[in-house]
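Here is a walk through one protein model, taken contact by contact. Please keep the sequence and the 3D view open while reading.

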Amino acid sequence: MLTRNPKTKSSLQILQDSVKWHHMAHKVSSLLDVYSGLLSNESMILAVNSSFVDPFLQFESQLKIIESSFGMLVVMPSLDKVKEMGTSYEYIEDMKNLYHNILNTYENILTSLVSKDLYKLQILKEMLVWMRKDSSYMQERIMVIINKVLRFTVTKVRKYISVDAPCLGLLAAELSLLCSHEDPSIVKQASLGMCHLLYIARCQNDIGTNKPTNSKSHSLQFPSSDVEFLPKEFQQDESKIAQRVGQTLLPPLLTDFVWSLLMKLSSPDDKIASDAASILIFTLEFHAEKVTMVSKIVDAIYRQLCDNNCMKDVMLQVITLLTCTSPKKVIFQLMDYPVPADDTLIQMWQAAGSQASVAPHVLKTILLILKGKPGEMEDTVTEGKRFSLDTTNLMPLAACQALCTFLPLGSYRKAVAQYFPQLLTTLMFQVFYNSELKPILKDRALYAQDALRVLLNCSGLRQVDITLMKENFWDQLSEDLCYYHGVCFIAKTLSEYNFPQFPETLSYLYKVSVEGPRRSEDTVIVLLFLTELLNNYFKDPLPEEFLVLFINWIKDSNPVVSRLILHRIVHMLPIINKINGGIRSMAIRHFGQLVRDMRQYTWMVNDVVLEGLVPLILFLEDDDKRVAEACKYTLKICTSQLKWSTSRLLKDENYSFEMVVLNICNNLITSHRNYITDLTSDTLRFLWSPRTYLKRASVILIGYLAKSGGHLLLRDEIRVMLDVIGRLLRDEDPMIKQLAEITYDIFKKKAHKLTSAPLKQNFQKLLKLFYIKKLKPLYNYNSPNGQIDSPTDSKDIKNDKAL
């Protein structure tokens, strides 16, 4: 029986060795294929590098070759596996040398590209992107290659006169994310790479500012070997990364860094998205003021939020941080989307408005946008080209809607108070513009009106809005013919509630009037609003500055402005007695012409006449004949419109002031008794006039009004009238005293009737409704023709006649 030699291999072992040899041969063959492929690629890259091909096409072709080479590397077996298959020391050493030659060849390809052109550092950024898609064992080795190329670049830039590496921001973003990698070896390499990159960026900064570029001038120092240096401050510390990057990168590069991180927020990898969000927020907290292309970033956020594929809270926080440093850019972009705003855009508005510190800047930007007129073609309203392609300016509509979001925010309370006059005036402009474009804008025309209401409610003027709503004011405001009347009504209502913002509002309106708004319709609105406020707050004499302003408006080249101020002067006669007589007579005559031109608007003209009736009556007694004749002329037109038989009493041969008043009051009782209370209130203002003839005329008029409509007055109103007339009983002028006694007695009797039993009072009021008793003369008053009663009167008349 034969025995087997223990050193003799069995058939199975021989077979196994054969298979192993073939497998090893295959691995060796694959490594040789990679090596030869890289050598071929290297020659191709060098050939293209020295050619005169267009730089962009050159880079594209080289990038494809590099990506192909990268693909060869990541499919190689690991060196450890190759060693395991070796049978001898020589074989293992050969494999190690081949392996390192492959890696060195790839590294040499990269350094040869970068040595000629720092633009091609972008290839390293692309490599990091490719690396993320492949989780093979080669990641650490690829990071080592990238660091070697960056270190090579550091040695090069120290010798350069100029450094231009525009891809540093994008590369920094990729490396910063790897600084939080789960693999410590990757973190170490990424941190080292960040140090190299920031050193290059610092060189770029120093050269850009003519600073020395020797290594001693930099805070980031590099020892002779990588092993000696471990940049621990970047490892797993996103705050440090953000601070260093923001300090070192130039604004365009930092913008690339921010943009790249922003795009990572929509990554399907939650770890990448979370790390990107953290670094992004830290960067903006420290260095948002250096970020450029803010509009592009805001637009990208809007698109991503609409797609619902991103970290919403982080995106909105980015909006907040950018608004803190670039409010104008953010707000302009946020106003450049279709109207009405969708929920996404409103959330972005809320994020932009969350910080009280920038609220004034936000409102100033919105006010700048609101200088534009909806529907106008794009002009110089915005600084620079708008981001959208829409040539029609609808940004003011968006700004009005945005104010409905911003104004109620608690963070905006102080800013709203600071800019109240500007907001109030500008929104009134916008309401007018929108009323003109209502057929085009449809429901969008209400945004300015909504913003105006929100402003009132946020400024402690809620009662004003309630009053306007009760009067059905907001529904009527958009009507073209009612808008000018509406401006006056807003001013009147604000005055009735003694709105506390009056001083600064008046100051702002005066400033706008002097500077001159851009559009004639703006001038008209300011004119109406300003004159109504003056009419409600001031007594004679009106400050000289406003008189000068009125005269300038009368001379305005726009006939609408000049005619309108003349009309307003009629309503303001109680407080502008000192204005030149020629202007007053011109204003009064213009009022008559206006009534005549408005006859077709029967539903409106009677109100206009009755509102201006009191000054027309009282200034019949004006010492300046021009003014008195103008009043007669206009009263004839007005009473004819009301179908009153007053015209014959205004003829010179029949004229008697008391008879005119008596006739008008009798007509009021018959046809317009509901106006008597308002006319009484209007007349009361003239009792304070320093002009004697006005006090005499107003005492007579108020007496007849009380006689005809005293039953409509409340007890408190009668007490006020008794107090006012009682002061005139002590007047220096004997005729005024005599007239005041008669009027005082009328009110005293009215007060006595109010003390009677309620049943008797109600019966008397009911009787007045059905039984109208015409008035009879009470005063036997004869006008003292041309009488001058005081030095003030004399001086004013001389000034008037000098015109």
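**Charges and rings**

The charged end of lysine 632 lies over the ring of tyrosine 655, at 4.3 Å from the ring's centre. The model is a predicted one. Lysine 632 also forms a salt bridge with aspartate 652, and the closest N and O atoms of that pair are 3.0 Å apart. Are the two partners buried or exposed? Lysine 632 has 9% relative accessibility and therefore counts as buried, because the limit for buried is under 20%. Aspartate 652, with a relative accessible area of 54%, is exposed.

Glutamate 174 is in helix α7 (residues 168-178) and lysine 264 in helix α10 (residues 251-264), so the pair links distant parts of the chain, 90 residues apart. Glutamate 174 is buried at a relative accessible area of 2%, and lysine 264 counts as buried at 17%. Arg132 is linked with Glu174 and Lys264 in a network of salt bridges.

Next come contacts between rings. A pair of aromatic rings is described by the distance of the centres and the angle of the planes. The structure holds 15 aromatic pairs. In one of them, phenylalanine 502 and tyrosine 537 are stacked, with 3.7 Å from centre to centre and 10° between the planes. Phenylalanine 502 lies in helix α25 (residues 502-515) and tyrosine 537 in helix α26 (residues 520-537), 35 residues apart. Phenylalanine 502 counts as buried at 11% relative accessibility, whereas tyrosine 537 is partly exposed at 27%. What arrangement do phenylalanine 657 and tyrosine 781 have? Their ring centres are 6.1 Å apart and their planes meet at 75°, so this pair is edge-to-face. Because phenylalanine 657 is in helix α33 (residues 657-671) and tyrosine 781 in the loop between α38 (758-770) and α39 (791-801), the pair ties together parts 124 residues apart in sequence. Both phenylalanine 657 and tyrosine 781 are buried. Elsewhere, ring pairs link Phe473, Trp474 and Phe489 into a cluster.

Notes. Residues are numbered from 1 along each chain as its sequence is written. This is a predicted model: local features need pLDDT of at least 70, side-chain atom pairs count only at pLDDT 80 or more; totals for chains, interfaces and linings use all residues. Side-chain values use heavy atoms; hydrogens and water are left out. Rings of Phe, Tyr and Trp (its six-membered ring) pair if their centres lie within 6.5 Å; planes under 30 degrees apart count as stacked, over 60 as edge-to-face and the rest as tilted. Helices (H or I, at least four residues) and strands (E, at least two) are DSSP runs, numbered from the N terminus. Buried means under 20% relative accessible area, exposed over 50%, partly exposed in between (1.4 Å probe, protein chains only). A charge sits over a ring if NZ of Lys or CZ of Arg is within 6 Å of the ring centre and within 35 degrees of the ring normal. A salt bridge is a side-chain nitrogen of Lys or Arg within 4 Å of a carboxyl oxygen of Asp or Glu.
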